[in-house]
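Try each one yourself before you read the solution.

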Amino acid sequence: MPHMWVVYAISLPAADPGWFDSSRLPVLICAILSIAIVLYTTYHRRSRERFKMREIAGLKAVEEAIGRATEMARPLLFTPGWGGDIQRPTTIASMNILGHVAQITASYDCPLLYPTHDPVIMSVAQEVVREAYLKAGYPDRMREDDIRYVSSSQFGYAAAVDGMISRLKPASIFLLGTFEAESLILAETGNSVGAIQIAGTDSTIQLSFFIVACDYTLIGEELFAASGYLSQDPSILASVRSQDILKVLIVVFILLATIWATIDPASTWWQF
Amino acid sequence: MRLEARHYTFIGLAVTVVAAMLVGFQPDVTPSPDTLRMYEYIDSLPEGSIVMLSFDHEASSLPEIRPLAVALLRHIYSKNLRPVGVALLAEGTGVGYGLMRQVAREYDKKYGEDYVYLGFRPQYIAAILSMGESVPATFPEDYLGRPYTELPMLVGVNTYDDVAGVISVADGSFTNHWIEYGHGRYGVRVSAFVTAAMVTTYDPYLASGQLHAMVGGLRGAAEYEKLIGIGGSGARGMLAQTCSHLYVILLIIIGNVVYFRSRRKGGGV
Amino acid sequence: MDVATFVAGVLTLAIFSFLYRDNPVYKMAESLLIGISIGYVLVITWTNSLMALLFNPLFNDGRLWLLVPFALGLLMFGRFHRSTVNFSRIPIAVLIGSGAGVAIPAMLNERTLKQMSATVGPLTTESGFPDISVIVVILGVLCTISYFYFSREHRGVLGKSARVGTWFLMIFFGTTFGYTVMSRMSTFIGRVEFLLSDFLKLTN
Amino acid sequence: MKRRVPQLVCGAFGLLLFALYFSSHPGARALNGLILNEYWQIIFGFALLVGVLSFAKVNLKSIERGEDLPYRIVSLLGLLIMPVLAVIWGIKGDSPFMWIFDNVQVPMQSTVFALLAFFVASASYRGFRARSVPAAILLASALLTLLSRSDVGGFLSQHLPDIADWVRNYPSMSARRAILIGIGLGSLTTSLRVIIGIERTWLGGDRA
């Protein structure tokens, strides 16, 4: 079933059956502008000095969390939540972090458990982890069966992950991806076995549960920035930089439009 | 048996809710204007009108959906309206049929003449649009496998023009699609019974009139039960609902008391 | 009591037993739930996706262009052997690529642009007084955006506005939590009602 | 080479879908719908078969090793019985398949969902301690909302629900807006990196 955000793309008013839908012109202009900025920072930054990103508390804890699992000789559990599929950018961001985490678990020889509700995510995660173990130099330590499809049903998935947490008692738990109501079920069970928990999601409602129940929470965009911070990969850092430039433009836009609206309340040019 | 702090919070909640349910005391509820509007709308429909009920929820939210749906169905059957059920989510399909059949028995309603359940169609937007063109083409047969044309109640029911309105029973954003496509494209009147968590999402649509009426959450169910004069699980749950809320507030306060006392003992941090 | 109520009641209690701790009864219920729910989604996907969208239209109505997704789907089976695993990357590439292509304009529009323009409004009411609500919203949006600024350490002015941003975030998290509690409680109340009235017949 | 082809396919579909978003031509709409509905669902359908087989494999391996024997057998039986029932009696209203769904799967799912109420309780006890200014604000806004939504809210003050509504509609909503704006930007750059091919983690490969 396509997710909600895709519906926006499937459905269109049939008012203007031309090749170009003029009502979407503002979006096109903004998209082209944004793309230009991203491409600029990507291909210019590399030749320039390395851009330094501010610290994000949850990310400094990643290495600590893996080290802890190794010391305690317990596994580490990473799960992307029930709400996403591979088409969703959040899942890709989560995969990025998984790749980084897997490289460290490979070198520490710490078992990495990855239960998921989506068979496609399972396939991709197996590739990501295999490659990470290969890169770390320990391809034989990879256990493909630890990356497993548990159930597509929301609460079947929650029950399965809960069972894994309470039986295998992971020392560290990463809840990174798109979560729905299962968020707190997993986070509280993880807390009950004394795991360090690092969570991050783009589901705004579930953020409140993670904030309350987890040790560290990556809020929305921080999840996307995280892979750049962890890997210090220039191309990801460049796109974080471009996001910042876009934010400055948005702030300027809001300020200008607000002043305009206060002077001339009848105008509506800022509405999309 | 070793119990930790969390176990005590669990026991507290279980005791609070079970006790509140066993007491059986039902706090008096005053129907809100929103609920009243829904009641008056259903009440004003002429006898025999066809009402389309869309079960747009997952099976797991049944505990909150059931009191809402049962109150609505009781009102519909008692007014001799004729509901036709559909489902936009596969998981809600069986649930919707079960609810319609269960309440129908209370009122001696006959399947096929007084109510019909068409079942599930995948691709919700396509389903809504296609029913706007032709309901029988979308559902050549009903949930039980009987041909549409052999169901006496549905003779002459071809598009949304032939139904008095659509009522979406939902736990998520599916009511949106009814508003956008059912109402937006075909102008059918859309109302909704939704879980408490969704009420704020649909408030703007209610205000703009795109949504005709809305009843939300267990509280809404209790209010509706009061209006139709038949007590149900909504009213029974109200005391438990309030008590559990107060219990959570109490836990937050106790948590802080414990924290500040231990901090004072520990001399700071 | 009918069989259905008995089965449902026993399974409900089995799942609740997890609250004490993991135990064989819960583990059995969990295994059953996982197995059955996978079986269910398999049947539903087979009927609603593979039969309804692929096999019926392809073989009965002769819609030959469906051979493309059919072939893509078959490539997924490449995963079963190391030497063919590369083929399985092609259907995944279709999913990820089309997802990304949709996400750029859809996310930009629905998430960023719509939210941005909804923030804008006149700072004064019609009678000329400052409109506190609008001012608070604009302040909240700007400060919270500054919290998400990654290029510089949060010091100085940026530090201050980012700190105010975290306060707004906390208000949001607090209200969301408070708001969701009611829905979560109703789910439990619903199960208790089932146990008390249908299963144990203590109330009616 | 082994990554070149998927990379090209990914980029091509990315560009195509991006372009289709801006067209309201019926042909473009149909193609858009074909990919986002049919392609996605059909590929998912086959991927599910792969996932189910791998689930069965993991369980069979455990059974061979004699680990968790009764549980693994129950899981596999559950998995098998649903398709078998569906093939024999179908999946219509009163079929055994629906009986199992209604009386086995649904009650268990609802109960796992209901566990959430308990976890809300334990998290409330533990997670709302006013350790710092932000934590105190979190606590205050949660208490305000909870009180205003309980029946006693009106008893405490007539204005409490109004204040709570204001907080939800203005300051709280503004933070949500900013979060959404950020997510939109993060999704945009991630998607763009995927399309132009500098984001290849999903291929198990290096970034460019």
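This is a predicted model: local features need pLDDT of at least 70, side-chain atom pairs count only at pLDDT 80 or more; totals for chains, interfaces and linings use all residues.

**Exercise 1.** Place Thr189(D) in its chain, then list what it touches beyond its sequence neighbours.

*Solution.* First, find the element: Thr189(D) sits in helix H7 of chain D, residues 160-196. Then look for contacts, leaving out residues up to four places away in sequence: Thr189(D) touches Val38(A), Ser239(A), Ser242(A) and Gln243(A).

**Exercise 2.** Work out how helix H8 of chain A is oriented to helix H6 of chain C.

*Solution.* Take H8(A), residues 204-213, and H6(C), residues 156-199; their axes come within 8 Å and cross at roughly 100°. Angles of 65 to 115 degrees count as roughly perpendicular, so H8(A) is roughly perpendicular to H6(C). Now look at who meets whom: on the H8(A) side are Ile205(A), Leu207(A), Ser208(A), Phe209(A), Ile211(A) and Val212(A), and on the H6(C) side Phe173(C), Thr176(C), Phe177(C) and Thr180(C). Sorted by class, the residues of this contact are seven nonpolar, three polar and no charged.

**Exercise 3.** Describe the side of chain C that touches chain D.

*Solution.* Begin with the totals: chain C brings 90 residues to the contact and chain D 95. Then find the top contributor on the chain C side, which is H4(C) with 23 residues. Finally, sort that side by class: 60 nonpolar, 24 polar and six charged residues.

Key: Residues are numbered from 1 along each chain as its sequence is written. Chains are lettered from A and ligands numbered from 1 in the order in which they are written. Axes are lines fitted to C-alpha atoms, for helices over the stretch in contact, and angles run from 0 to 180 degrees between N-to-C directions. Helices (H or I, at least four residues) and strands (E, at least two) are DSSP runs, numbered from the N terminus. Angles under 35 degrees count as roughly parallel, over 145 as roughly antiparallel, 65 to 115 as roughly perpendicular and the rest as oblique. Two residues are in contact if their C-beta atoms, placed from the backbone, lie within 7 Å. Ala, Val, Leu, Ile, Met, Phe, Trp, Tyr, Cys and Pro count as nonpolar, Asp, Glu, Lys and Arg as charged, and the others, Gly among them, as polar.
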